[in-house]
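Trainee: Could you take me through one part of this model in some detail? I'd like to look at the charged pairs and then at a sheet.

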Amino acid sequence: MKLLAIDTALSTCAAAVLTDEGGTPDIVSQCEDLGRGHAERIMGMVASVMTDSSTTFNSLDRIVVNVGPGSFTGLRVGLSIARGFGLVLEKPVVSVTTLAAIAHESLDAAPVRKPILVVLDARRNEVYCQKFDETGAPIGEARVSTVKDLAHSLDAETILAGSAAQAVANAAGIDKSRVCNDAAAASIDYIAKLGKGAKRQDKAPMPLYLRAPDAIPGEKGKVRRQ
C-alpha cells in the first residue's frame, strides 16, 4: 500500500506519503500552520513529500483527504485537489475526519484507553464534537454543541481531547488529567494511517459541514462568505 494524504481543513496545511510494505508503515510528511494560503502552498508540499519518499504518482494506490470539520475554503481546496488526483490517476479517494484523527492520536498517547470526546473550538460560543470508544470507533455522529451542554452531559469515564477540551473540563469542574490532548488540528501522520484502513467509497468524498457558512450581503444582492 502506498498513499498520498492531504489536509487543508483548518489552519494547518499538510501532505504525507505513507508506504506500507508489510511491516511498520513509513511516513514522509510536511506540515505548516498557515492560517490562510492553503491553495498556494499545498501543491508544493505534495511535490516535496513525493520527491522525498521517492514516490511516483502512478505508484500510488489511493488518495486520502481530511473532510473536516474545518473551514469552508480550506475544505474545498483539499477536496478539489484530492478528487483531481483521483480522477487523473484513476485511483480511489477516501476520507478521514479531523475528529477521528485527533481521537486516534490521543488514545495512542493516553496511559489508559477510555472512551474519548473530541471537542474543537468552532467559534461563536460553539464547538465541533464527537465521541469515540476506547478503540477509536465513533459513538454517534459529529455535531455542533456548546461547552456548557457538553459539560452537563459528561460522564465520569470519558476523557477529553481537542482545542476546546480544557474549556469543557473547566465547565464540568473535573481534573485536568482527563484532558489528554489539546490539539487544534489533526496530525497528517494519523490522517495517513487512518486512510490506509479506510473503506473505499462508492461516491466522491464530501466535506463534513456541521453548520451553515458565515455569510454577509455583498454588492448587488450577492452573498459573500466571511
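Trainee: Let's start with Asp-20: is it buried or exposed, and what is its relative accessible area?

Mentor: Asp-20 is buried, at a relative accessible area of 14%; buried means under 20%, exposed over 50% and partly exposed in between, with a 1.4 Å probe and protein chains only. Before going on, keep in mind that this is a predicted model, where local features need pLDDT of at least 70, side-chain atom pairs count only at pLDDT 80 or more, and totals for chains, interfaces and linings use all residues. Residues are numbered from 1 along each chain as its sequence is written, and side-chain values use heavy atoms, leaving out hydrogens and water.

Now the partner. Asp-20 makes a salt bridge with Lys-196, and their closest N and O atoms are 3.2 Å apart (a salt bridge is a side-chain nitrogen of Lys or Arg within 4 Å of a carboxyl oxygen of Asp or Glu). Lys-196 sits in helix H6 (residues 188-197) and Asp-20 in the loop between strand S2 (12-19) and strand S3 (26-33), so the pair ties together parts that are 176 residues apart in sequence. Those helices (H or I, at least four residues) and strands (E, at least two) are DSSP runs, numbered from the N terminus. Lys-196 itself is partly exposed, at 32%.

The count comes to 4 salt bridges. Among them is Arg-41 with Glu-32, 2.9 Å from N to O; Arg-41 is partly exposed at 28%, and Glu-32 is partly exposed at 28%. Another joins Asp-108 to Arg-113 at 2.4 Å, with Asp-108 partly exposed at 44% and Arg-113 at 40%.

On to the sheet. It is open, has 5 strands in the order S8-S7-S6-S9-S10, and its pairing is mixed; two strands pair if DSSP finds at least two bridges between them. Strand S8 (138-145) and strand S10 (179-181) are at the edges with a single partner strand each, so one side of each has no neighbour in the sheet. On average, neighbouring strands are turned by 25° against each other, direction ignored. Angles run from 0 to 180 degrees between N-to-C directions, and axes are lines fitted to C-alpha atoms, for helices over the stretch in contact.

Further in, strand S6 (residues 116-123) runs antiparallel to strand S7 (residues 126-132), joined by 7 bridges. Take Leu-120: its bridge partner in S7 is Tyr-128. Helix H3 (residues 98-109) packs on this sheet, touching S6, S7, S8, strand S9 (159-161) and S10, where contact means heavy atoms within 4.5 Å. The direction of H3 makes about 135° with that of S6.
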